[in-house]
Amino acid sequence: MSKPNVHILGTGSYAPEKVLNNADLMRMVDTTDDWITTRTGIKERRVAGPGVATSDLATPAAKAALEAAGLDVLDVDLILLGTATPDMLFPSTACVVQSNLGARNAAAFDLSAACSGFLYAVSVGKAFIESGTYRNALVIGAETLTNILNWEDRTTCVLFGDGAGAVVLGRADEEDKTGTGIHAIHLHSDGDLTKLLYMPAGGSRIPTSADSVEKKLHYVKMEGREVFKHAVKLMSTAMEETLADAGFTPADLDLLIPHQANLRIMEAVAKRLEIPNEKVFVNVDRYGNTSAASVPIALDEAVRSGRIKPGDLVGTVVFGGGFTWAAAAVRF
Ligand code: ACO
C-alpha cells in the first residue's frame, strides 16, 4: 500500500445566499419541478447575482479552509484556483484571491479543466509539495456558472449553480504511520470531445463582438445525453484505477464523493463500482452542478458534518468539459 506524502490540513466552502428553486425556474422557462428532479436530482441552486464575481465566493471559502488548517495567511506558499468562470480572462482569479487574503508570500495561478479543475489543481499542489518546492498549497474550486447560462435554454439553465470550496494541502509528518493523506490521484483528458460541452465565444477563436453576443455564443452549450454516457463510464473506470493504484478496491471506501452534476450519473457510477448509495455523498439537490466547486464544497460539508471521520478512506471523482476527468483516494 502507498504511503502518502501530502495531507489535507483543512477545508472550507462558501455559497451565495440567494436560492433559486425549481418553482422559480418554472416561471422562467418551460419546465417542471418533476422533470428537473427526476432527471437530475436538483431541487435548488445558489445564484451569485449581478456584480458578484468568482473571487468573491473563492475568498471566504479560502479563509475558512485556512482557519480550519490553522495556517497563517502569510505562510501560504501557493494558491491554485480551478475555474471555468474566472473574474476576467487575465490576470488570474487566483491573483485576485491572493490580494483579497493578503497572502503576500504566495505564488498564484488559475487552472482550466472545467468541472475537473479542482482535482487537477490538487494534483499540481501535491506535486509541488512532494518535489519540495513548496511546503503548502491553498487549492480552490470556484465558479459563477450562472453568469454563462442562457436563461432561455431549459436544457442547460436548470442544471448549474454558483459556489466555492477550498482545501489546504501540506506535507505529511515523516513520523506519520497512519496512512493519512492523498494516496493516489489520476488525471485524464480527451480533447476530441471538446464540442460536447463548451462555451464557444469570448476567447481567441471567436473574440467578443456584437455578432457573437447576438448569436448567444457566450453561453454553455452541451450535448447532455453524450455527456451523460461518457461521464458514467469514465468516472467509474477512473475511480477504480486510482484506488487500485493505491492498493484499494471500491469496497474499501468509507465514502464516495462524485462530482455533483446529476444524481443519476452518481447512482450509475456507484452501481458500476458496487458501492451502496448510503456511501455516496450527495448535495446536488441543494447546489446543482457548481462545476469546479462541487467536490470541495461536498468535501467541506462532509468533514464539518462528521460524515467524514478520522481514518476514513474517501474516493472522489470528477468529470467535465475538455473532456477532462480525474479521481483521488484520500485517507482522512
Ligand atoms: N424541462 C423540461 N423538459 C426538458 C428540459 C427541462 N429543463 N430540458 C430538456 N427537456 C426535454 C427535451 O427538450 C426533450 O424533449 P423532446 O423529447 O420533446 O425533444 C426531453 O426533455 C428529453 O431531453 P433529453 O436531453 O433527451 O433528456 P435526458 O434524459 O438526456 O436528460 C440531462 C437531460 C438531464 C441534461 C441529461 O442528459 C444529463 O444529465 N446529462 C449530463 C449532463 C450534465 O450533467 N452536464 C453537466 C456538465 S458536465 C458534468 O459536470 C458532468
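Strands here are DSSP runs of E of at least two residues, helices are runs of H or I of at least four, and both are numbered from the N terminus. Two strands pair if DSSP finds at least two bridges between them.

Before moving on, note that this is a predicted model, in which local features need pLDDT of at least 70, side-chain atom pairs count only at pLDDT 80 or more, and totals for chains, interfaces and linings use all residues. Residues are numbered from 1 along each chain as its sequence is written, and side-chain values use heavy atoms, with hydrogens and water left out.

**Stop 1: the hairpin**

Select β12 (residues 313-320) and β13 (residues 324-331). They pair in the antiparallel sense over eight bridges. Now move along to Val317, which stands opposite Ala327 in β13. Three residues lie between the strands of this hairpin. Pick Gly322 there: its phi is positive, near 140 degrees.

**Stop 2**

Angles run from 0 to 180 degrees between N-to-C directions, and axes are lines fitted to C-alpha atoms, for helices over the stretch in contact.

Next, select β8 with β13. These strands run antiparallel, joined by eight bridges. Ala184 has Ala329 of β13 as its bridge partner.

Is β13 enclosed or open to the outside? Eight of its eight residues are buried, so β13 is largely enclosed by the rest of the structure. Buried means under 20% relative accessible area, exposed over 50%, and partly exposed in between, with a 1.4 Å probe and protein chains only. In a regular strand the side chains alternate between the two faces of the sheet.

**Stop 3: helix α8**

Select residues 224-245. This is helix α8, with 22 residues. It reaches 31 Å from its first C-alpha to its last, close to the 32 Å expected at 1.5 Å a residue. The expected span is 1.5 Å times one less than the number of residues.

Which residues of α8 are buried? Among them are Val227, His230, Ala231, Leu234, Met235, Ala238 and Met239. An α-helix has 3.6 residues a turn, so residues three or four places apart point the same way.

Now pick Glu241, also in α8. Glu241 is partly exposed, with a relative accessible area of 29%. Show its contacts, meaning heavy atoms within 4.5 Å. Leaving out residues up to four places away in sequence, Glu241 touches His186 and His188. Then draw a distance from the C-alpha of Glu241 to that of Val284: it spans 25 Å, and the two residues are 43 apart along the chain. Step past the helix to Gly247, which follows α8 and has a positive phi near 85 degrees.

**Stop 4: the five-stranded sheet**

Select the other open sheet on this tour. Its five strands have the order β1-β7-β6-β4-β5, with mixed pairing. β1 (6-14) and β5 (107-111) are the edge strands, each pairing on one side only. The twist averages 20 degrees from one strand to the next.

Zoom in on β1 and β7 (residues 162-171). Eight bridges pair them in the antiparallel sense. Find Gly12: it stands opposite Ala166 in β7.

**Stop 5: helices α3 and α4**

Select α3 (residues 54-69). It lies across β1, β4 (78-82), β6 (136-144) and β7, running at about 135 degrees to β1. Show the contact residues, including Ala58, Ala62 and Leu66 of α3 and Val96, Val97 and Leu101 of α4.

**Stop 6: Thr31**

Finish in the loop between α1 (22-26) and α2 (33-40), where Thr31 sits. Is Thr31 buried or exposed? Thr31 counts as buried, at 13% relative accessibility. Beyond its neighbours within four places in sequence, Thr31 contacts Leu25, Met26, Ile36 and Val158.
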